[in-house]
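Student: I would like to learn how to read the features of a protein model. Could we go through one together?

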Amino acid sequence: MSKRIVVIGAGPGGYVAAIRAAQLGAEVTVVEDQEVGGTCLNWGCIPTKALVYSAEALAMVRHAKDYGVEISGDITFSLQAMMDRKNKIVATQVKGIRSLLKSSKIRLMEGKGSLEDERTVRVKLRDGSEEKVSADCIILATGSRPANIPMFPFDGKRIISSDEALLLQQVPKTLLIIGAGVVGCEFAFILNALGAEVTMVEMMPHAVSLADEEISILLERELKKSKIKLHCNQKIQSVKEGADGKMVATLESGEKLVSDQVLVSIGRAFNTEGLNLDGVGVACGPRGEIKVNDRMETNVTGIYAIGDVVGGIMLAHVASTEGITAIENAMGMDRAMDYRVVPSAIFTMPEIGMVGLTEQQAREQGYEVRIGSFPYRGLGKSHAMGKITGMAKIIADAKTDRILGMHVMGAHASDLVHEGAVMMKMGGTVRDLGETIHSHPTLSEAVMEAAHDVHGVSIHLPKEK
């Protein structure tokens, strides 16, 4: 008799887990109370990237003359058309996931799931009826949502989250973004390209503070070039609506920032309400995250948790890998999560790709560090593309020549960083990467040259005087 698996949540963790379970012969049910694809597809990764590329297309047209292309007349855009394109892309991907579930003979129940007991899921269906589903193993994959900060309560109009930002019907003339992390910076570049006057406030010393400091500083230079104002090392004391309907934010320094709208992009809240975790005895951590081990098991036998709801690395591709890990363990296999090599990307303009340790982290952990870097402006392909801003940077262990981290900023950085990720996963060295023949002219040559620079033999870097 095949195992019965119930997955609560059909985001990038849940639906991938369900399909892997079906591949292994399980009888699978997926419960989803909103839409398949989760936050990533419906409110995060995909819709924001659709808007990023619309904004980039607009920027490209505005600079067409730089490429010898003459465009006459006013260059305008339709925000509604951009939103329609975004919605169409999302709808296509949603349809694709539903098709994948159907082809794997996975039952999709559209409703809210909760734990009745250790082996039963109660589903409140959208028509108001309820149904109980028995399972040998249950996977909790309910994800997260933008955290509602009491000081900045969302009203959907004046104070908005990233969710509402994806539904804007007009570009605000002035916008304050609270938080210069990944989400904040992506929206800053998007809305700036569409004509908004953007100001950002960040309590950390740099924008995207989790990135390598050299990359953060380079990004801040691009923010400044785009006339996006950035206040770092600053906290906001209050945000209030003024007499003229404008929003007034007061900084700790006493400075006041006035804007039409405020986008709050700090923190995520775990979607655990209504799961009946206490009733079944599933343990949670201090932030409300579901506690799991490296096999994605909770403290209750047969119940697993994956993705944002476990409070680890909150990335779609991590959730997918955790889902596969959980299912393989649930099906009697033996697999543990390894978080040492997790690439990530920030789709700013230009974009950022990173994997492994930053230079600061490597030094703090006691490594004897060697650094190699190479600027995009040294590449023929970059000049041909008209995209010369950026760099590739490699952090290496001087004793073993192993790659500790790679950080890329520039065109296609999110793709290029996987050269480092694969080499790190396979245990390769910086020398292995540098001696790998790279096609010319390509952007990937920046990675090769950075690897050579670790050993001081980059051909296309001028000698220091």
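Student: How do the residues of the lining of the second largest pocket divide into nonpolar, polar and charged?

Tutor: This is a predicted model. The lining of the second largest pocket has 11 nonpolar, eight polar and eight charged residues. The pocket itself holds about 1000 Å³ of space. Of its 27 lining residues, the closest to the centre are Ala59, His63, Met349, Pro350 and Lys387.

Student: Which elements give two or more residues to that lining?

Tutor: They are helix H3 (45–62), H6 and H7. The largest share, five residues, comes from H3.

Student: What is the volume of the largest cavity, and which residues line it?

Tutor: The largest cavity has a volume of about 40 Å³. Its lining is made of Leu51, Leu79, Met83, Ala165, Leu168, Ile190, Leu191 and Leu194. These divide into eight nonpolar, no polar and no charged residues. Helix H4 (79–103) and helix H6 (182–193) each supply at least two residues of this lining.

Student: Now the strands. How should I read a sheet?

Tutor: Strands of a sheet pair through backbone hydrogen bonds, in either a parallel or an antiparallel way. In this model, an open sheet of five strands runs in the order E18-E19-E22-E21-E20, and its pairing is antiparallel. Strand E18 (344–346) and strand E20 (369–375) stand at the edges with a single partner strand each, so one side of each has no neighbour in the sheet. From one strand to the next, the twist averages 15 degrees.

Student: How many bridges join E20 and strand E21?

Tutor: E20 and E21 (residues 391–397) pair over seven bridges, in the antiparallel sense.

Student: In which sense do E2 and strand E3 pair, parallel or antiparallel?

Tutor: E2 and E3 (residues 107–117) pair in the parallel sense over four bridges. Glu32 stands opposite Glu110 in E3. E3 also pairs with strand E4 (residues 120–125), here in the antiparallel sense and over six bridges. Gly113 has Val123 in E4 as its bridge partner. E3 and E4 form a hairpin, with two residues between them.

Student: And how do I read a helix? Why is helix H1 described as largely enclosed?

Tutor: An α-helix has 3.6 residues a turn, so residues three or four places apart point the same way. As for H1 (residues 14–23), eight of its 10 residues are buried, so the rest of the structure largely encloses this helix. The buried residues are Gly14, Tyr15, Val16, Ala17, Ala18, Ile19, Arg20 and Ala21. What covers them includes strand E1 (4–8), strand E2 (27–32), H4 and helix H9 (316–330). H1 is followed by Gly25, which has a positive phi near 95 degrees.

Student: Is Glu364 buried or exposed?

Tutor: Exposed means over 50% relative accessible area. Glu364 has 68% relative accessibility, so Glu364 counts as exposed. Glu364 has its place in helix H10 (residues 359–364).

Student: How many Å separate the C-alpha atoms of Glu364 and Asp244?

Tutor: Those C-alpha atoms are separated by 50 Å, and the two residues are 120 residues apart along the chain.

Terms used: Residues are numbered from 1 along each chain as its sequence is written. This is a predicted model: local features need pLDDT of at least 70, side-chain atom pairs count only at pLDDT 80 or more; totals for chains, interfaces and linings use all residues. Side-chain values use heavy atoms; hydrogens and water are left out. Two strands pair if DSSP finds at least two bridges between them. Axes are lines fitted to C-alpha atoms, for helices over the stretch in contact, and angles run from 0 to 180 degrees between N-to-C directions. On a 1 Å grid over the protein atoms alone, a cavity is a set of points where a 1.4 Å probe fits but cannot get out, and a pocket is an open set with protein on both sides within 12 Å along at least five of seven lines; lining residues have an atom within 4 Å of a point. Grid points are joined across faces, edges and corners, and a volume is the space filled by probe spheres set on the points. Ala, Val, Leu, Ile, Met, Phe, Trp, Tyr, Cys and Pro count as nonpolar, Asp, Glu, Lys and Arg as charged, and the others, Gly among them, as polar. Buried means under 20% relative accessible area, exposed over 50%, partly exposed in between (1.4 Å probe, protein chains only). Contact means heavy atoms within 4.5 Å.
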